Amino acid sequence: MRGRRIRVRAAAAAAGATVAMLATLAAGLVALCLCPKPSLYGDTPFSTAVEDRGHRLLRLALAGDERYRLPVPLADVAPHAVAATLLYEDRYYRRHPGVNPAALARAAWSTYVTRERTMGASTITMQLARLRFGLDTRSVGAKLVQVARALQLERHYTKDEILEAYLNLAPYGANIEGIGTAALVYFDKPAARLSLPEALALAVIPQNPADRYPATGHGYAAMDAARQRLLAAWSEAYGLEPAARAQFTLPLAVRAPGELPFEAAHFVTTLLAEPDGDGDGGTVTSTLDLSLQRRLESHVANHVGLRRTHGVTNASAMLLDHRSMAVLAAVGSADFHDAAIAGQVDGTSARRSPGSTLKPFLYGLAIDRGLVHPMTLLEDAPRRYASYAPENFDRGFMGPVFAQDALIYSRNVPAIELLNRLGLDAFHGLLADGGVADLQSAEHYGLAMILGGLEMSMEELVALYAALPGGGIVREPVRTADAESADGSRILSAESAFLVLDMLARNPRPDGLPLGTQRQRPAVAWKTGTSYGFRDAWTVGVVGPWVLAVWVGNFDGSANAAFVGRQAAAPLFFAIVDDLADDLAAGLDDSYGKFEPAPGLNVVKVDVCASTGDLPGRYCPGTTESWFVPGVSPIAVSDVHRAVRIDTATGLRSCSVDPRTTREAVYEFWPSDIASLFRAAGIAVRRPPPWAPECELGLRAATGAAPRISSLSPHLGYVLRPDRLAD
């Protein structure tokens with residue numbers, strides 16, 4: 001009798017559970033009609049995985065809630081991983097409407113009637129509802145809400161969409177969510193490449209992610225035990241070859257989240273900070289080449305380590321492909337994790353004085369304005385501009401110097417004179433058009449602008465140098481593989497850009513080795529820079545298809561006499577160049593062994609007088625080749641070398657042309673200012689002898705050049721004295 005009463009009460013309870021279930025289903029149907037379409041993910045934040053151009057992981061960034069959660073499309077998940085999840089979690093997923101009535105009935109009977117054990121009976125759709133809406137489903141009421149939400153999701157989304165969302169939100173141990181994240185963290189591969197043993201391992205984790213966390217010994221054992229049970233079910237459902245079964249006897253190589261790579265720290269941080277860099281999460285393929293990155297990091301660390309006794313504690317470097325403007329490597333500091341050197345500061349984006357590295361663009365502008373060509377003779381001599389008397393780095397003067405030599409040897413005075421002739425606004429405009437940000441007015445910098453009297457970043461400097469092989473057009477560097485550099489701004493003509501590149505390619509290496517020979521090493525066009533007060537040492541240049549820049553200094557701006565571009569930065573620059581030479585030789589054609597003008601470029605090579613840089617006159621003793629821009633370059637026939645008559649008896653300059661008493665000899669007739677520079681520099685020139693006494697003053701004057709006024713300064717006042725004016 002007593003057993004019968006128990007059975008009656010159980011039946012009543014079961015009936016009550018059934019009624020509740022039916023009521024819930026009815027409520028769910030109402031919800032289908034009344035509730036709007038919910039978002040599958042809501043405001044759930046996602047992680048961003050940044051990989052290099054070869055799809056090697058650089059960093060997996062945490063989502064906004066400090067979880068690793070990487071979205072992956074269902075099509076990019078290995079089919080056997082999807083099948084294993086359905087087999088383990090919800091084998092009738094494709095058949096039910098979001099809830100499994102039979103499973104709910106069994107769960108209600110076991111949980112609330114017989115109380116044998118608690119059963120959840122949650123379908124994948126119900127689990128997604130719990131994850132998506134943050135439901136605590138331990139109570140009957142919450143369970144009913146979960147059922148209603150599941151029906152709502154099924155009403156608005158396809159089975160594949162729901163399954164994809166579940167796989168992206170399911171917990172896989174610790175703070176890892178989503179099968180794509182788990183595949184990347186634990187097995188260092190995308191979900192599409194999961195093996196069957198790996199797929200079955202991941203399929204069993206979401207049911208008990210705390211106990212089956214595979215990165216610990218205990219968790220791995222619990223996961224493997226559950227995997228073996230799933231393997232039996234898999235074999236029964238799909239069959240299994242002996243060779244495949246043998247794979248399950250081997251341990252899985254599981255990586256813990258703490259072992260995730262943290263490569264190219266500054267580069268990745270900058271990439272993630274860009275607009276939409278981590279908005280919706282996902283995988284971002286960058287332009288960075290991890291192999292090149294590691295090599296640059298090694299060179300920077302070695303360079304600083306070897307020179308630490310000289311006070312060198314930090315350096316930065318950047319490598320860019322000027323054809324695509326893709327950043328291939330970026331080393332922000334010698335050690336990202338060293339707080340003593342402010343290692344987390346990114347030297348590639350920090351604004352520093354560029355020293356003399358801007359001089360090539362001044363010469364390019366001067367070429368475009370018709371002021372110089374590579375062999376134009378300039379004056380490296382003391383000058384004064386109002387109260388400003390510029391000096392060269394060595395505090396000396398070379399006297400007359402060709403434009404290309406003035407650039408190569410970084411003479412300050414000729415550069416300042418060129419800037420003075422061009423005007424401050426012209427060069428300031430070039431920098432602004434070239435993308436240099438946060439510029440003050442041209443007057444704020446004055447003539448010191450060309451000596452590094454402003455601030456700019458390494459990235460801006462690299463972009464400027466990329467314009468030299470890029471036909472004079474500055475384009476913005478890019479960091480993602482699918483990005484294209486926007487149309488740039490022209491700062492130089494293609495002709496002057498090439499001429500500047502050719503001049504820089506003649507700059508000798510500091511170690512005396514050849515710059516580049518075809519089939520052996522790439523051509524290198526480079527320039528150094530040293531900021532005022534020895535705070536920044538630079539070397540930047542074009543190396544085959546690449547632009548490379550290095551900086552040596554301290555982030556706190558402290559000075560060091562060792563921070564000289566040619567001494568502190570150039571050795572690092574060429575250590576990297578030499579390391580990359582074999583890579584360039586293997587992957588590029590012979591054209592990168594030298595710099596040649598592009599087809600159709602309006603430049604020609606002409607013979608010029610080797611000592612004057614002008615077209616050779618009749619008496620020029622020797623010639624050399626120089627590039628020339630027809631219709632633009634200033635060029636005239638040299639008249640410095642002239643033939644005069646010398647009295648054979650006295651050796652004096654004669655007024656007579658009698659061949660019996662005179663002979664013809666060639667001498668140099670330099671302008672007085674140039675001649676004085678030669679004398680000051682101790683350079684001997686072949687000057688004509690004095691006139692013979694019988695030569696009249698009028699005849700002497702008629703054989704010389706007309707006087708001209710040069711080197712006027714707009715900053716000085718000139719006064720004509722009446723007592724010295726001619727009548």
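This is a predicted model: local features need pLDDT of at least 70, side-chain atom pairs count only at pLDDT 80 or more; totals for chains, interfaces and linings use all residues.

Trainee: How many disulfides does the count come to?

Mentor: A pair of cysteine sulfur atoms within 2.5 Å is taken as a disulfide. C609 and C620 are joined with S to S 2.2 Å, and C655 and C695 with S to S 1.6 Å. By this rule the count comes to two.

Trainee: How many residues apart in sequence are the parts tied together by C609 and C620?

Mentor: C609 belongs to strand β17, residues 604-609. C620 sits in the loop between β17 and β18, the latter spanning 623-628, so the separation in sequence is eleven residues.

Trainee: Which handedness does the link of C609 and C620 have?

Mentor: The value to look at is the angle about the S-S bond, which is 100°. With that angle, the link of C609 and C620 is right-handed.

Trainee: Is C620 buried or exposed?

Mentor: Buried means under 20% relative accessible area. C620 has 16% relative accessibility, so C620 counts as buried.

Trainee: How many residues apart in sequence are the parts that C655 and C695 tie together?

Mentor: C655 lies in the loop between β19 (641-647) and β20 (662-668). C695 lies in the loop between α21 (672-681) and α22 (697-702), so the separation is 40 residues.

Trainee: Which cysteine counts as partly exposed?

Mentor: C695, at 5% relative accessibility, counts as buried. At 30%, the cysteine that counts as partly exposed is C655.

How values were computed:
Residues are numbered from 1 along each chain as its sequence is written. Side-chain values use heavy atoms; hydrogens and water are left out. Helices (H or I, at least four residues) and strands (E, at least two) are DSSP runs, numbered from the N terminus. Buried means under 20% relative accessible area, exposed over 50%, partly exposed in between (1.4 Å probe, protein chains only).
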